[in-house]
Amino acid sequence: HRAAAGEEAAEALLEANGYSIVDRQVRCLWWMDVDGEEEEFELRADLLVERNGERFIAEVKTGQRAPDPMYPPTRRQLLEYRLAFDPYGVLLVDVEADEIVSVDFPRALSR
């Protein structure tokens with residue numbers, strides 16, 4: 001199973017880079033307001049990791065396009081995690097490229 005093998009490789013890569021694995025398949029209940037009604041949903045992130053006292057949600061991606069943070073589905077998922085799992089940072093782990101990328105979305109400046 002490719003995803004499971006990818007997550008194992010990602011854990012080894014993260015640990016080699018000084019991160020410790022805090023939890024796997026981290027659940028978060030979140031909600032949005034739809035026309036005044038609160039709609040609840042669940043998010044599930046691959047890993048919660050820690051380094052130097054700082055915690056991060058780590059999303060593991062494999063394949064051609066998914067590991068690219070500018071690939072729209074990946075970008076939207078990372079943005080959702082950044083908001084829902086705040087104040088944790090967000091890491092994108094590209095297993096095949098052996099890369100860990102930190103991703104953030106600065107708040108928009110008021111115009």
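These legends walk through several close-up views of a predicted model. Residues are numbered from 1 along each chain as its sequence is written, and side-chain values use heavy atoms, with hydrogens and water left out. Since the model is predicted, local features need pLDDT of at least 70 and side-chain atom pairs count only at pLDDT 80 or more, while totals for chains, interfaces and linings use all residues.

**View 1. Confidence along the chain.** Average pLDDT (the predictor's confidence in each residue, from 0 to 100) comes out at 93 for the chain, and 95% of the residues score at least 70. Helix H1 (residues 2-16) has the lowest confidence, with a mean of 87, and S4 the highest, at 97. Helices (H or I, at least four residues) and strands (E, at least two) are DSSP runs, numbered from the N terminus.

View 2. Buried means under 20% relative accessible area, exposed over 50%, and partly exposed in between (1.4 Å probe, protein chains only). Gly-89, Leu-91 and Val-93 point one way, Val-90, Leu-92 and Asp-94 the other.

**View 3. The neighbours of S4.** Strands count as paired if DSSP finds at least two bridges between them. S3 (residues 54-61) runs parallel to S4, with 6 bridges, and Lys-61 sits opposite Asp-94. S5 (residues 99-103) is antiparallel to S4, with 5 bridges; here Val-90 is partnered by Val-103. The S4-S5 hairpin has 4 residues between its strands, and Asp-98 in the turn shows a positive phi of about 55 degrees.

**View 4. Arg-27 with Glu-42.** A salt bridge here is a side-chain nitrogen of Lys or Arg within 4 Å of a carboxyl oxygen of Asp or Glu, and by that rule there are 7. In one of them, Arg-27 meets Glu-42 at 2.7 Å, N to O. Arg-27 belongs to strand S1 (residues 20-34) and Glu-42 to strand S2 (residues 37-51), so the pair ties together parts 15 residues apart in sequence. Arg-27 is exposed at 53% relative accessible area, whereas Glu-42 is partly exposed at 35%.

View 5. Arg-82 is buried, at 13% relative accessible area. Its salt bridge with Asp-86 has closest N and O atoms 2.8 Å apart; Asp-86 is partly exposed, at 44%. Arg-82 also forms a salt bridge with Asp-104, at 2.7 Å between the closest N and O atoms. That pair links distant parts of the chain, with Arg-82 in helix H2 and Asp-104 in the segment after S5, 22 residues apart. Asp-104 is partly exposed, at 49%.
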